[in-house]
Amino acid sequence: ANKIFRGAMTFALLAGGIVSLLVFFGADFIATTIMHLDMSAYALRVLAPCILIVALLGVLRGFFQGMGSMIPTAISQVIEQIVNAVVSIAGAYLLFNAGKAVGKTRGDKSFGPAYAAAGGTLGTVLGALSALIFVGFIFLAYHKVFKKKMKHDHSRKRESYKTVLFVTIAPVILSATVYNISDFVDTALFNNVMAAQGFSKKEYASLLGIFQGQYSTMINVPLSISSALAASLVPSLVATVQTGNRKQVHNKINTVSRFNMLIAIPCAVGFITLAKPILNLLYFTQDNTTAARMLQMGALSVVFFCLSTVTNSVLQGLDDMMTPVKNAAISLVIHIVTLFLMLVVLKWNIYAVVLSKIIFSGAICILNAKALRDRIGYVQEKKKTFLIPTLASLIMGVIAIVIHLIFELFAGPYIATIIALLAAVAAYGVSIVALGGITEEELLGMPKGAALVTICRRLHLIRGEYK
């Protein structure tokens, strides 16, 4: 464990430091030549240190997760988001005014938004730095205990740093890199094609801003839950694999996949049915028509991305490090080809980026499912994992739409949206239990499970007594 931690920290320092320097000093080249957004260089330079910070933060969080504790990660994420929100808003406001002043002297109004973007990005950097300081402090406090554990460890088999770096760490990094590089490819390809088709920089920058702002922010909410589930799965899955009990391994994968879909599917249906009201509630100063259409079209990618995140972690937990890399690379090629065709041939504009994400995530799911079937004979259970949550979500969607329409008539759109969302949560909860999508035993295993079971009994959704 200590060797993997030290190896990962070395990798993070080198890779994070090098890429941070490349982004900082190459910001003008990236912004002008690759992204076709000259003014984004300011935000890129502010963002550059964050690459190193997040690399180190990821290693420290991973260390505690590997030791079986999610608490440092959870608390640090709360701290990170609070600092991020406060500094992003304050930074964007202050630097926007500074940029406007610079723009007046240079006769270019673009300096205001460019400086504001840099100010908003400062929130990301300081948020990550706050989390790193917190987790670093916890690590220093725990390190004495960890040293004592190492002294009492008399195991003879020790992996070399070469094995740790190139067999364990490098494939995980490669998989994550290929998995996430699609965003960079999308931006570069979209901007270049749009520029070639005669669109102005302001037009395609605006569309990309909607995609990376409202759309990605909403999509990333369920994905963050999935990522946390996947991260927490790996250590326990590795321990289960060591027992050699294939049935237990299958049950663990099935449980995490089901729980994942219980969240992802209703989120997708919620985006389809209430996209515009939700966006209007959160971004009330903007016209959210385009963003809502994008969210509705891309809702299915939530399900695929959540599932692929878990299956990637499962394969890594089974010590199959290179398969996720290969599957992600194949899916990325498919994604790039389809995106190019949608942009150039079909001319679907920003919607091509949204739809190509579905193809990318769907391809990873299919390839990972095949890999799991070939490796351990695992076939995903479908009724409780997909069919029942989908049916419960459809019931939820219909109820949410009806309630929103009714309350919008006399309570206004914002109150109607809040009530519709609360009704959607209740409707989904009742439906999933009534349809048999979750059992009493599973409910009891959840936080406040006994209270949930009591409520279900009073509603006659579950019968009998429990102890």
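Me: Which residues are linked in a network of salt bridges?
Reply: Asp 183, Asp 186 and Lys 357. Keep in mind that this is a predicted model.

Me: How many salt bridges does the count come to?
Reply: The count is 6.

Me: Which residue does Asp 28 meet in a salt bridge?
Reply: Arg 45, with N to O at 2.7 Å. Asp 28 lies in helix 2 (residues 27-34) and Arg 45 in helix 3 (residues 40-66), so the bridge ties together parts 17 residues apart in sequence.

Me: Is Asp 28 buried, exposed or partly exposed, and why?
Reply: Asp 28 counts as partly exposed because its relative accessibility is 42%. Arg 45 is partly exposed too, with a relative accessible area of 27%.

Me: And Glu 80, what does its side chain meet?
Reply: The side chain of Arg 61, in a salt bridge of 2.8 Å, N to O. This pair links distant parts of the chain. Glu 80 is in helix 4 (residues 71-106) and Arg 61 is in helix 3, 19 residues apart.

Me: Are Glu 80 and Arg 61 buried or exposed?
Reply: Both are buried.

Me: What about Asp 374, which residue does it form a salt bridge with?
Reply: Lys 370, and the closest N and O atoms are 2.9 Å apart. Asp 374 is exposed, with a relative accessible area of 52%. Lys 370, at 42% relative accessibility, counts as partly exposed.

Me: Switching to the inside. Which residues touch the most other members of the largest nonpolar core?
Reply: Phe 190, Met 294, Leu 295, Ile 350 and Ile 432, out of 76 residues in that core. Helix 8 (residues 246-282) supplies the largest share, 11 residues.

Me: What does Ile 350 touch?
Reply: Leaving out residues up to four places away in sequence, Ile 350 touches Phe 190, Leu 207, Leu 208, Phe 211 and Met 294.

Me: Which residues does the second core include?
Reply: Ile 53, Val 125, Ala 131 and Ile 169 are among them. That core is separate and has 22 residues.

Me: Where is Val 344, and why does it count as partly exposed?
Reply: Val 344 is in helix 11 (residues 322-344). It is partly exposed because its relative accessible area is 33%.

Me: Backbone next. What is phi for Asp 319?
Reply: About 70°, a positive value, although Asp 319 is not a glycine. Most residues other than glycine have a negative phi. Asp 319 is in the loop between helix 10 (300-317) and helix 11. At 59% relative accessibility, Asp 319 counts as exposed.

Me: And what is phi for Asn 349?
Reply: Near 65°, again positive in a residue other than glycine. Asn 349 is in the loop between helix 11 and helix 12 (350-376).

Me: Last topic. Where in the chain is confidence lowest, and where is it highest?
Reply: Lowest in helix 15 (residues 440-444), at a mean of 76, and highest in helix 9 (residues 289-298), at 96. The chain has a mean pLDDT of 88, and 98% of its residues reach 70 or more.

Note on methods
Residues are numbered from 1 along each chain as its sequence is written. This is a predicted model: local features need pLDDT of at least 70, side-chain atom pairs count only at pLDDT 80 or more; totals for chains, interfaces and linings use all residues. Side-chain values use heavy atoms; hydrogens and water are left out. Helices (H or I, at least four residues) and strands (E, at least two) are DSSP runs, numbered from the N terminus. Buried means under 20% relative accessible area, exposed over 50%, partly exposed in between (1.4 Å probe, protein chains only). A nonpolar core is a set of buried Ala, Val, Leu, Ile, Met, Phe, Trp, Tyr and Cys residues joined through side-chain atoms within 4.5 Å. Contact means heavy atoms within 4.5 Å. pLDDT is the predictor's confidence in each residue, from 0 to 100. A salt bridge is a side-chain nitrogen of Lys or Arg within 4 Å of a carboxyl oxygen of Asp or Glu.
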